[in-house]
Amino acid sequence: MMHGHGKSDRPIVPTKPPNEAEPEAKEAVEGRGLAKGRTPERNMFRTQSRMSMSSALERIRQAARRDRGQRFTALLHHVYDVEGLRRAYFGLKREAAPGIDGATWRQYQEGLERNLLALSEQIKRGAYRAQPVRRAYIAKAGEPQKLRALGVLVLEDKIVQRATAEVLGALYEQDFVRFSYGFRPARSPHQALDALSVGITQRKVNWVLDADIRGFFDTLDHGWLVKFIEHRVADRRVVRLIQKWLKVGVLEEGKHIESEMGTVQGGSISPLLANLYLHYVFDLWVKQWRKLKAQGDVIVVRFGDDFVVGFEHREDGERFLSELVERLKRFGLELHARKTRLIEFGRHAEEDRQSRGEGKPETFNFLGFTHSCAKTRKGRFVVLRQTMRKRWQSKLKEVKAELRRRMHTPVPAMGQYVRSVILGYMRYYAVPMNAVSVSDFRMAVGRLWWRVLKRRSQKARVSRAQMERRMARWVPQTHVCHPYPWQRFGVIT
């Protein structure tokens, strides 16, 4: 979260590609390849290699932190480091769908060391080639009737992307701002939710801008992205590697479609590239706007391409929205008109609206929760967070379909599935003051399970008492899994 008036880090964005680094420019994290006479097998000694990779990344972090203007001239050798590739491989989902080559995680493991050494050599020689991405579609969260396009990469592209993201992440984590929470190590959606709640309740927030960027991952401009990368990365081999992934295109219904813009959702490096793009387009601009133009308090919380901005004054919010539209347009982005609103929201919203003869304050959605103005029993203002109705309904539809599919599986197996669903739901949605919604979800899942059990056979009878015993055995009771926002956020900050 960002609030108050502070110093800006540096100029917002390079307006042209930076010049190549001067020959005498030295990188503080310069590494070495294999020494003469040293065999690849010696580099495979895991403990030593893991320590050397970790120390190399730490040197990158320190150098990036020490000099915010430094451009790194030699990073590729960290990408093709065999231990780094191995860590990337073991960090992948083992049951993930294969790409167009059909290679699975377990098949690749059969000759893992040989495969990783060959992959390392390909990257080192410049012989590595990215494969087209297989297009797949999944239902949007909360909107099952709409489909989200995902890209399924071949396994080796996943490995190289993950290894590259780890190296670049060590660098860019030193630059990223504190109010950016999405897809970053040691940061989570609940930290973003806590930051937003604390910001609204403890700062002078009376208006909230709930914004949505239209098709962000599909409209991200490759030219600008490369310029942003070159602001810190002077290693042309790493830049070309990223350009290969941007331009490789997708394979859909047997047709190869080249990519002129956007980045594939599903790629290991896509979240980092998205954060990098919005760091220069949005984050640094917001910090300068708040410092130079805001007349009152401003808070910001961003999670990926989803962000909320709070204002003390309505005039600030209107001016910010107008200038944000122009800012995004310059970089090929636009706000979703129907999903972007400036609403009256905060500790005085209900009273002010009542005095004008208007209804209750409007609500807004962020990270799966509907946020509304509320008060405690003692009359203290709080931000009430409840599960979005669309998310609640779509999850129940998903569970209903899966229970029908498992209709004739043994009851213990069904019970384990129901238990895993309830526990997963509670781990995310069981925040303070949302217990009723979570409890209702638990009961709704129980009813669905009971209905399926009663349909297993015309002769079978499942009484209410029997169902209650099964629920007691397999389904955990509802309990709050998260502390109040100010408790956790205060510890973190």
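Ala186 is exposed, with a relative accessible area of 75%; exposed stands for over 50%, buried for under 20% and partly exposed for values in between, with a 1.4 Å probe and protein chains only. The model is predicted, so local features need pLDDT of at least 70 and side-chain atom pairs count only at pLDDT 80 or more, while totals for chains, interfaces and linings use all residues. Residues are numbered from 1 along each chain as its sequence is written, and side-chain values use heavy atoms, with hydrogens and water left out.

Ala186 sits in the loop between helix 7 (155-172) and helix 8 (189-202). Helices (H or I, at least four residues) and strands (E, at least two) are DSSP runs, numbered from the N terminus. Leu367 lies in the loop between strand 9 (364-366) and strand 10 (369-375). Leu367 is buried, at 13% relative accessibility.

| Residue | Phi |
|---|---|
| Gly304 | near 65° |

Gly304 belongs to the hairpin of strand 6 and strand 7, which has two residues between the strands. Val298 has Phe311 as its bridge partner in strand 7.

Six of the six residues of strand 6 are buried. In a regular strand, side chains alternate between the two faces of the sheet. Val298, Val300 and Arg302 point one way, and Ile299, Val301 and Phe303 the other way.

Methods:
Pairing = 2+ DSSP bridges.
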